Amino acid sequence: MAKGTAQLHMQIGRFRVNVDRMLARWGRSSAVPLLRRTLPPCALLHQVRASGAKRQKRPRPKPLAPVELTTKPRVLSPADLERLQTDAVEAYAQSRSSIKRLEEWGFSLVALNLLCDNLARRQGTANAAPHATPSEAWTWLLRAWAQSLPSHKLHTFASVAELMSAYTQQGSDALHRACAQSFLSWLRQAWHDLRTHGELPVTSLSHVREAGVHVELIQTITNLRTPTLAYANARSLTRQIHLHVGPTNSGKTHGALVALTRARTGLYAGPLRLLAHEVWERINHGAVAADIAPRACNLRTGEELRVVDEYAGLVSCTVEMADVTRSYDVAVIDEIQMIADPQRGFAWTQAVLGLPAKELHLCGEASAVPLIRRLVELCGDELHLHEYERLTPLHVAPQSLRGDLSRVERGDCVVAFSRSGIFALKELIEAKTGLHCAVAYGALPPETKSEQAKLFNAGKLDVMVASDAIGMGLNLKIKRVIFDTLSKWNGTERVPLSLSQIKQIAGRAGRYGTARGTEETPGGFVLTRHEDEMDTLRTALAAPVRPITHASIQPMSRQLEDLSLLLPRVRTRTKHRRLKTRQDYAVSTLYDDFHALANVDARAFTLADFDTQQAMSPIIEQRGGDRLTHAEKEKWSNTPVNMRDERAVAWVGHAIELYARGELVEFEACARHLGTIEAEQAVAETMAAAQAKRDAAGSTAPAPVFAEDDENVLSIHTLMLLESLHRTLTLYLWLGFRFPLAFCFRQDAEARKRRAEASIHFCLEAIRVRRAQRLTRLGRRDEARSLLQKHLPHMGRAPLSH
């Protein structure tokens, strides 16, 4: 009965999560909750099942080449740039969004009219009539600014080289920001002239003075031209920067880790929790080098803190958790090429500019060399370049698989870019070859990915079917890397892989020291599934990677908070006619304003994307509203939620609402009606029953062999629910570090996370056992037993059906 109830909850959760997402987007209007309450889950299930039609097989899409191979960098002449500036000035002066943004800043209409009148008299034209609204005044001022610019507008903006660099990197957005900064400078000077040379009464002078200070503060807060000066501790040192560059499997990180383990104090900062965890284990177990003894090292990631020794001098962390306020003898930053990433690159920039380390080791691709040279020059440090070659050869295979998965061999890694594609490939490969596949993709917990990698490396599983998650963080004994395709779906369209991604993934083949046996020749091979993509693969691997020229930067929290204080609060009526509330502007408004006004040194930096924060903002405003401070909203906007996981989005919405009410946030209260907890409970019950049967039989076989053959519990969909559960538990732990008083049940969340990982592992094993049992029913008992013995050699003579 309990299991049936859990299964019903799982099915209901699959549909209600979509309604939760609509609630987060549309708000809690009276109609939507009523709709949710009146939708019978059984009727919904019946409609979905009745309407399900078989998909028609679509033709394979046309291959896509990397953008770097099909597009050339923009090259502009001064004449082209002059024309672009002219068009940008006209567009900015006539833009309704510019006028709306200026209206939001709450400048006094009196000050605006005084400025318009003064400018009209200085230009020798008729006095500007008093404007009735701020919108009219701003329209007049924007037109006056555009007319006042000289014919050669390069002098108004930045140097020719800098403006060209900005346009090449960010296109029209860079010109829009240049126009905004030009207009603010012109406005600031105009108000200064009015205040110092105009004859104004005392009451009017106060309005003008306030407006001038307002503009000056906006320019000061949005000035990001010298980010190096924000880190006084690092600037007090002349750091020795060691840049280790080379392709994948060149040993570039090894020397840096040796220097780290020999230092009294040090830090390792990696891109993934899995990498930070691996380095943490290697240092603590003395596995970095043969002549280096174990060292006490602590671990710090976004959701985990492990203290081996309170006085340990070494720490391994993810790059976002690197502490730039503490001094180190040696610091290592891995995958330095990610400094240009639009979403996460700002964390690498902060670490490179701000870590006060005597020695700073940067490891990554050679494409980062020009940018690092520039940053070292800006910081006043000294650069030492170390170049590496690949330790084992990498070859492009003479031909592809020609679409025939039966040609997949033991030791291969087949790379796909969707979870459904990975499991479909796994089933096809196992059916056509009789080999046994491990799986690894981004949604799997790091512990499960690591376990799958160990099984593959030990030879217990023959083939790895993985996503681009293998590009970083997993050391695998791969002989051949096979691309299922050279493009992937980004959520809206199919896009080609970049050169860097192709090289990073292909480089996992034939890694040094990972050969499966002495009979294998060193080196690896790379190929594609289909022949029409082989030429693209050859060209991509032979092409040089374009140099990285700009580091991604993002405003600091205090800058956003300072900017929010300049925005006037707005009064909004509630449902009670006589009551009014004071409401802050949304976080998305602040990010929009900063993006539009930021003054960035375009020779070396580019502004980061605020996509994650923008996506979170509607949920924060709807669920938290004016009950949250700006600092709290800003922390919530950085929550690393996967927006494609509807259950995770719904969970975060519930968590925000409970936090905004001032309650202690329990994980279970946020996960109600999502079906994830019920899925874990159903799997846990099945696992407990299977273990009891195994113990009663006195068998050493894996527990999934004794599990009931229930496809509703042990299925791919249950695995997806468990992955969503694991994501939300990780989010709870992440929030526990940011809001420790509200998210105070960390121990319960950690225990549930361990149970979820065990359930995921059991579910993966059960899916394999289900396949073995199907083979048994088809009369292929020897093949089924071989499948399980290969995966778990200690299973003994366990029965394959019950």
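Tutor: Start with a term: buried means under 20% relative accessible area, exposed over 50%, partly exposed in between (1.4 Å probe, protein chains only). This is a predicted model, where local features need pLDDT of at least 70, side-chain atom pairs count only at pLDDT 80 or more, and totals for chains, interfaces and linings use all residues. Residues are numbered from 1 along each chain as its sequence is written, and side-chain values use heavy atoms, with hydrogens and water left out.

Student: OK. How many residues of α13 are buried?
Tutor: 7 of the 10, so α13 is largely enclosed by the rest of the structure. Helices (H or I, at least four residues) and strands (E, at least two) are DSSP runs, numbered from the N terminus.

Student: Which ones are buried in α13?
Tutor: Lys252, Thr253, Ala256, Leu257, Val258, Leu260 and Thr261.

Student: And what do the buried residues of α13 pack against?
Tutor: Their partners are β2, β3 (266-270), α14 (273-284), β6 (314-318), β7 and β8 (357-364). Contact means heavy atoms within 4.5 Å.

Student: Where is Asn249?
Tutor: In the loop between β2 (240-245) and α13 (252-261). Most residues other than glycine have a negative phi.

Student: Is Asn249 buried or exposed?
Tutor: Asn249 is buried, at a relative accessible area of 6%. Glu335 also has a positive phi, about 55°, and is not a glycine. You'll find Glu335 in the loop between β7 (328-333) and α15 (345-354). Glu335 is buried too, at 11%.

Student: New topic. Which residues have the most contacts inside the largest nonpolar core?
Tutor: Trp138, Leu141, Trp145, Phe183 and Trp191, in a core of 97 residues. A nonpolar core is a set of buried Ala, Val, Leu, Ile, Met, Phe, Trp, Tyr and Cys residues joined through side-chain atoms within 4.5 Å.

Student: Where does this core lie?
Tutor: Domain 1 (78-224) and domain 2 (228-387) both give residues to this core, so it lies between them. Those bounds come from an automatic or database domain assignment. The largest share of the core, 11 residues, comes from α10.

Student: What does Trp191 touch?
Tutor: Leaving out residues up to four places away in sequence, Trp191 touches Phe107, Ala111, Leu112, Leu115, Trp138, Val208, Ala211, Gly212 and Val215.
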